[in-house]
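Subject: Structure handover

Hi,

Here is the structure for you to look over. My notes on what turned up follow below.

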Amino acid sequence: MKCILGIESSCDETAASVVDDRLRVRSSVVASQDELHAAYGGVVPEIASRAHLERIVPVMQKAVDDAGLRLDDLAAIAVGVRPGLIGSLLVGVSAAKGLAWARMLPFYGVDHVAAHLFAGLLRTSDAADEPMRPEFPALGLVVSGGHTSLFQIEGVLECALLGRTIDDAVGEALDKAAHLLGLPHPGGPNLERCAMGGDAQALRFTSPRLPSALDFSLSGLKTKLLYEVRGVPQGRGAQSVFPRASSDLDESRRRDLAASFQHAAFAQVLERLTTAHDAMSEKSAPARTLFVGGGVVANATLRALLTQWCSSRGLSLVVPEQRYCVDNAAMIAGLAQLRRLAGDQGDDLSTPTEPVSLFARGRKPTRVQ
Ligand code: KG4
Ligand code: ZN
């Protein structure tokens with residue numbers, strides 16, 4: 001059994017995990033920093049990288065111990081090398097490179113967005129023994145705090161970017177909407193809780209029309225919510241003032257607005273999926289599978305909508321368990337295993353650490369790393 005130790009430190013989660021060559025998660029440790037950033041209403045990069053530094057070694061050690069292994073039993077080391085906060089990334093990458101060098105192990109520097117995309121292929125230890133065999137071509141969707149991206153997937157690790165957000169990612173927009181509604185950090189999960197029992201039709205949003213029908217835009221939704229909550233600002237420039245504050249909202253209106261905003265953001269996701277699926281069916285072969293991942297897919301309403309969308313269109317849905325939607329290291333080790341199983345022997349230790357994804361505009365990867 002070839003086991004890979006994966007490490008993740010791109011934002012505010014310090015994580016390590018061991019995944020075996022059947023993509024079974026043998027251990028997964030995540031040290032969240034939510035409590036360190038709560039007072040600031042969002043992630044403070046300098047605090048995040050210092051906290052990673054304190055936690056990285058014990059988290060890696062725990063992942064190896066929990067898997068019942070010793071360092072000598074590992075077949076390779078994997079780490080998210082992009083995208084993310086550069087100071088945070090560098091902590092995990094330095095630890096991973098140091099370990100790979102000291103133990104003379106293969107090193108896989110993987111793309112965090114691609115790792116989210118294929119996290120649905122991970123199996124928990126008590127799940128079926130055999131890896132999943134998804135059918136292709138497929139569509140892929142990553143909805144996280146930093147990315148909202150739509151992919152055409154021809155085979156495992158062969159992706160082309162179809163569309164992406166031109167402003168905020170869905171997770172980022174949910175976080176900002178939560179803040180505007182006076183809900184605490186982390187925004188997405190708190191907005192989900194607040195939206196329960198709210199009327200999703202209470203406030204109607206129009207879907208943005210963009211030059212590319214497969215791109216996303218969330219900033220107009222945010223502005224509409226801002227004006228609804230605080231009123232249209234009066235006066236000009238720095239002198240302008242909002243007539244109301246978030247604290248003026250009553251509880252039931254807050255729930256309705258949370259549900260309406262969430263609904264509008266998810267409706268846009270489903271619209272883009274429908275457009276992409278129709279276009280693919282017309283141009284080439286119809287997609288057989290939808291891969292989804294990213295923190296926002298932990299949302300129960302979105303999971304239900306995606307399940308319903310796939311069943312109405314005859315696609316299989318490959319969706320991670322909720323704990324592997326939000327940032328984790330099992331998806332990093334899992335993507336490295338997929339690469340290793342496809343014959344990729346890993347990367348040089350000089351692989352750079354980068355703030356942007358493999359799928360950033362202007363980069364056209366044919367093979368995922
Ligand atoms: O994938 P992720 O953990 O980190 C990034 O790669 O960005 O995604 C984090 C995002 C945050 O915006 C967070 O609010 C959102 O995922 N999120 C959720 C839920 N859990 C996390 N959004 C909606 N509902 C949730 N239950
Ligand atoms: Zn992520």
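**The sheet and its hairpins**

A hairpin of 4 residues connects E7 to E8. This is a predicted model: local features need pLDDT of at least 70, side-chain atom pairs count only at pLDDT 80 or more, and totals for chains, interfaces and linings use all residues. Residues are numbered from 1 along each chain as its sequence is written, chains are lettered from A and ligands numbered from 1 in the order in which they are written, and side-chain values use heavy atoms, with hydrogens and water left out.

Labels first: helices (H or I, at least four residues) and strands (E, at least two) are DSSP runs, numbered from the N terminus. Two strands pair if DSSP finds at least two bridges between them.

E7 and E8 run antiparallel, joined by 6 bridges. Gly 140 has Phe 151 in E8 as its bridge partner. Leu 139 has Gln 152 in E8. On to E9: Gln 152 is also bridged to Ala 160 in E9.

Strand E8 (residues 148-155) and strand E9 (residues 158-164) pair in the antiparallel sense, again over 6 bridges. Ser 149 is bridged to Arg 164 in E9. E8 and E9 form a hairpin with 2 residues between them. In that turn, Leu 157 has a positive phi of about 80°.

The open sheet holds 5 strands, ordered E9-E8-E7-E10-E11, with mixed pairing. E9 and E11 are the edges; each has a single partner strand, so one side of each lacks a neighbour in the sheet. The twist averages 25° from one strand to the next. Angles run from 0 to 180 degrees between N-to-C directions, and axes are lines fitted to C-alpha atoms, for helices over the stretch in contact.

H8 packs on the sheet and touches E7, E8, E9 and strand E10 (289-293). Its direction makes about 160° with that of E7. Contact means heavy atoms within 4.5 Å.

How many of the 8 residues of E8 are buried? The count is 7, so E8 is largely enclosed by the rest of the structure. Buried means under 20% relative accessible area, exposed over 50%, partly exposed in between (1.4 Å probe, protein chains only).

Buried residues in H5 are Val 170, Gly 171, Ala 173, Leu 174, Ala 177, Ala 178 and Leu 180. Their cover includes strand E7 (138-143), E8, H6, helix H7 (219-230) and helix H8 (251-283). Just after H5, Gly 182 takes a positive phi of about 80°.

The axes of H5 (residues 170-180) and H6 (residues 187-195) come within 8 Å and cross at roughly 65°. Leu 174, Asp 175, Ala 177 and Ala 178 in H5 meet Gly 187, Gly 188 and Leu 191 in H6.

His 116 counts as buried at 1% relative accessibility. Asp 327 counts as buried at 16%.

Best wishes
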